[in-house]
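Hi there,

Here is the structure I promised to pass on. Have a look first, and my notes follow below.

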Amino acid sequence: MGKTTSRGDAATRAERKFEKKLDFYSKVRQTISSLATNKAIAKNKKVRSRQKKLKAYDLSTLTEFLPDLKASQQPKPAEFKLKSKTRKNLVLKEDNQLQAVISHPAFQSDPFGAIHQHLQSTQPTVDEKPKIRENKNGNRKGKKKSKASAGLQLMEI
């Protein structure tokens with residue numbers, strides 16, 4: 001029916017299984033260590049290539065020949081990029097602000113009036129009359145059309 005084995009045979013089989021496991025684990029350790037070293041080597045190569053590229057774009061030697069920049073001409077900061085974490089914080093902050101506005105009694109009684117008053121208090125005042133430009137001799141810029149030519153434009157043909 002089945003194989004008949006003795007106790008001594010079973011002990012040697014267990015030892016062989018144990019030896020196979022040890023061999024397997026040692027191979028896994030070797031593979032992991034070789035992958036780690038390969039990864040480190042590749043990373044160093046990437047860093048070296050980046051440094052070479054940066055050296056190619058290094059224009060610091062040209063600063064000797066360029067005129068000094070005024071203090072008022074500061075470089076513009078890079079555009080603000082939203083990462084997911086900062087976007088999440090911004091959304092939470094804005095949500096809290098919106099809830100505070102909605103629950104405010106002045107907003108609840110008159111929403112448009114509250115918004116209008118808020119804008120008046122926060123926005124700078126704007127002159128409604130635009131300035132009229134004048135030439136050096138005091139005349140306004142632009143030529144006035146004669147009444148006759150204006151009348152012709154209004155007539156239908």
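Let me start with the surface: Phe24, Tyr25, Val28 and Ile32 make a nonpolar patch of about 410 Å². For patches, I took residues with over 30% relative accessible area and no salt bridge, joining nonpolar side chains (Val, Leu, Ile, Met, Phe, Trp, Tyr) within 5 Å and like charges within 9 Å. A salt bridge here is a side-chain nitrogen of Lys or Arg within 4 Å of a carboxyl oxygen of Asp or Glu. Areas come from the Shrake-Rupley method with a 1.4 Å probe, and for residues only the protein chains shown count as cover.

Please keep in mind that this is a predicted model: local features need pLDDT of at least 70, side-chain atom pairs count only at pLDDT 80 or more, and totals for chains, interfaces and linings use all residues. Residues are numbered from 1 along each chain as its sequence is written, and side-chain values use heavy atoms, with hydrogens and water left out.

Val28 sits in helix α1, which covers residues 7–56; helices (H or I, at least four residues) and strands (E, at least two) are DSSP runs numbered from the N terminus. With a relative accessible area of 32%, Val28 is partly exposed, and so is Tyr25 at 46%. Phe24, at 52%, is exposed. The cut-offs are under 20% for buried, over 50% for exposed, and partly exposed in between.

A search of the whole structure turns up one aromatic pair. Its partners are Phe24 and Tyr25, in a tilted arrangement with 5.7 Å centre to centre and 55 degrees between the planes. Rings of Phe, Tyr and Trp (its six-membered ring) pair if their centres lie within 6.5 Å; planes under 30 degrees apart are stacked, over 60 edge-to-face, the rest tilted.

There is a positive patch too, formed by Arg13, Arg16, Lys17, Lys20 and Lys21. Lys and Arg count as positive, Asp and Glu as negative, with His and the chain ends not counted; charges are placed at NZ of Lys, CZ of Arg, CG of Asp or CD of Glu. Arg13 belongs to helix α1 and is partly exposed, at 46%.

Overall, the protein chain has five helices and zero strands.

Best wishes

How values were computed. Buried < 20%, exposed > 50% of the residue type's maximum accessible area, 1.4 Å probe, protein only.
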